[in-house]
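Please read it with the structure open beside you.

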Amino acid sequence: MNLTLYLTENCNLRCSYCIREKCPNDMTSDTVRKSVDLAFSKGDTAGICFFGGEPLLKKDLICYALDLAKKRSEETGIPFSCKITTNGTLLDEEFLELAKKNNMQIGLSFDGLMQDDCRKTADGGPTSETLEKVSKMIIASGADAVVMCVVPPCSCGKLFGSVKYIHDLGFKHMICNPAYGSKVTWTDEALEVLKEQFDLITDYLKELYLKGDKFRFAPLHNKITENLSGINPSRYCHLGIRQLAVAYDGNLYPCTSFLYKSEWCLGNVSDGVDEKRRLEMTKLCFTPSPCKDCDLSKRCTNSCGCANIMNTGSPDMISPLQCEYERLVIERADRLGDELYKYDKDRFIKSFRRA
Amino acid sequence: MKIEPKHDIMRPAYAIGVAIMAAALLTGCPGSSLSLEGEATTAPTSESQTRDTDATDSTYDVLRTDGECADDSPELMPDKTEESKVTLELSGIVSPCPNDETSKD
């Protein structure tokens, strides 16, 4: 089974849109060991995503988990995969070597030209210079990395420039999402700016594609792939099915959004998963009432129970921002898809359709 | 900002075109240049993109309250046994998501 390990609640950055409390609570090596055992105890694969806080504050635990997982994989024959989500500021050559050796994908939280607007050090200092250096180091190392960019309303006018910047640094895959939560407020005006930025990005992606560039940008490219392949964009949520989150204290939750909320606890790495409770939670992933007759329903992330509960308090309600954002993205993805399809149909299918 | 269900939206041309080509393949109708494996026979030879490398990961699209959408991403290898088991248990009890394809992953 797949687990997200919340290795620490501590972080060396203080991003203005982050809603997580920064506490000196770290996972123990015993909890890490039990987590690895749990990952290999069920299912036909085992996977671990290292998360936090900033997981690289606990490199020792990551190394320990990887060693254990390697042994378990050899013993059981169960394939193991691993990933990390990091702000990148503590990445070094040594860790990149480790990542490569273990086929670990690096999810680099990096906001491009928007970086210094929100992603700051604990004493309020900028981080863009460090991230640029780290990015060059990652690219030079050949490690498998994807840039994860959060777009806050205050900086969304820099999104297009950020996409170009990330591309020009040499990354091949970028994912962006709007900042959500109690620390940000999206206005209609900011949303208009975001739409204009997505128009520019759409044109830019077309230009890159026609040049043969393989740069991938989510969500626009995804929406095309999902539409062609009949993939449900909400499939990654499914509270508690796809993977479970392990808190620093070993308690299990359907997602890190619900950490430490006792009503969402699904057991503990010592005692195992409460399957009955897990099954109940999976029922909270469904198409919300307002979306049921929408033509875009099956192309939208509306049935992500986690997002709906966190943003609206109910699994049966989508947030207006999510609805607006999904519509703007799908509209532009379809424009991009139509233009690329017209250019070369076979190449288009080969590029975007999944078996 | 508002929740605005959309109606009467036309299917994009690329989706229609690809569906027609796929149907032509299934019926053996000549006219499609695609092989059964989906390899383009007329694609530029310099185009080395494959489905695997092109596949984008929408794990990150899942919206999170902290905007980081990173708790369970990057996507780990899908655990089909676990997912299909839960999906199976759900079937007949409740249809949690009509467009759900949990077992597909």
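1. Conventions. This is a predicted model, in which local features need pLDDT of at least 70 and side-chain atom pairs count only at pLDDT 80 or more, while totals for chains, interfaces and linings use all residues. Residues are numbered from 1 along each chain as its sequence is written, and chains are lettered from A and ligands numbered from 1 in the order in which they are written.

2. Domains of chain A. Chain A is divided into domain 1 (2–283) and domain 2 (285–355), with bounds that come from an automatic or database domain assignment. The centres of the two domains, taken over C-alpha atoms, are 20 Å apart. Their contact takes 31 residues from domain 1 of chain A and 29 residues from domain 2 of chain A, where two residues are in contact if their C-beta atoms, placed from the backbone, lie within 7 Å. On the side of domain 1 that touches domain 2, H7 and helix H8 (220–229) of chain A each supply at least two residues, and H7(A) gives the largest share, 9 residues. Helices (H or I, at least four residues) and strands (E, at least two) are DSSP runs, numbered from the N terminus.

3. The largest nonpolar core. In this core of 118 residues, Leu5(A) and Tyr253(A) touch the most other members. A nonpolar core is a set of buried Ala, Val, Leu, Ile, Met, Phe, Trp, Tyr and Cys residues joined through C-beta atoms within 7 Å; a residue is buried if 20 or more other C-beta atoms lie within 10 Å of its own, exposed if 12 or fewer, and partly exposed in between, with C-beta atoms placed from the backbone. Helix H11 (residues 320–343) of chain A provides the largest share of the core, 9 residues, and at least three residues come from each of domain 1 and domain 2 of chain A. Leaving aside residues up to four places away in sequence, Leu5(A) touches Met27(A), Val32(A), Ser35(A), Ile48(A), Phe50(A), Phe51(A) and Val246(A).

4. Packing of H7 and H11. How are H7(A) and H11(A) oriented to each other? Helix H7 (residues 188–210) of chain A and H11(A) pack at an angle of about 20 degrees, with their axes 10 Å apart; axes are lines fitted to C-alpha atoms, for helices over the stretch in contact, and angles run from 0 to 180 degrees between N-to-C directions. The two helices H7(A) and H11(A) are therefore roughly parallel to each other, a term for angles under 35 degrees, whereas those over 145 count as roughly antiparallel, 65 to 115 as roughly perpendicular and the rest as oblique. Among the residues making the contact are Leu191(A), Phe198(A) and Leu205(A) of H7(A), and Leu328(A), Arg332(A) and Leu336(A) of H11(A).

5. Two covered helices. In helix H10 (residues 305–312) of chain A, 7 of the 8 residues are buried, so H10(A) is largely enclosed by the rest of the structure. The buried residues of H10(A) include Cys306(A), Ile309(A) and Met310(A), and H11 of chain A is among the elements that cover them. H10(A) is followed by Gly313(A), whose phi is positive, near 90 degrees. Helix H12 (residues 345–352) of chain A is mostly covered, with 6 of its 8 residues buried, including Lys345(A) and Lys350(A).

6. Backbone details to check by eye. The peptide bond from Ala218(A) to Pro219(A) is cis, with omega near 20 degrees, and Pro219(A) sits in the loop between strand S7 (216–218) and H8 of chain A. Asn103(A), a residue other than glycine, has a positive phi near 50 degrees; Asn103(A) lies in the loop between helix H3 (93–101) and strand S4 (105–109) of chain A and is exposed, with 12 other C-beta atoms within 10 Å.

7. Chain B. The secondary structure of chain B comes to 3 helices and 0 strands, and 33% of its 105 residues count as buried. Of the contacts in chain B with a separation of 6 or more, 3% are between residues 24 or more positions apart. Asp8(B), in the segment before helix H1 (13–27) of chain B, has a positive phi of about 55 degrees although it is not a glycine, and with 5 C-beta neighbours inside 10 Å Asp8(B) counts as exposed.
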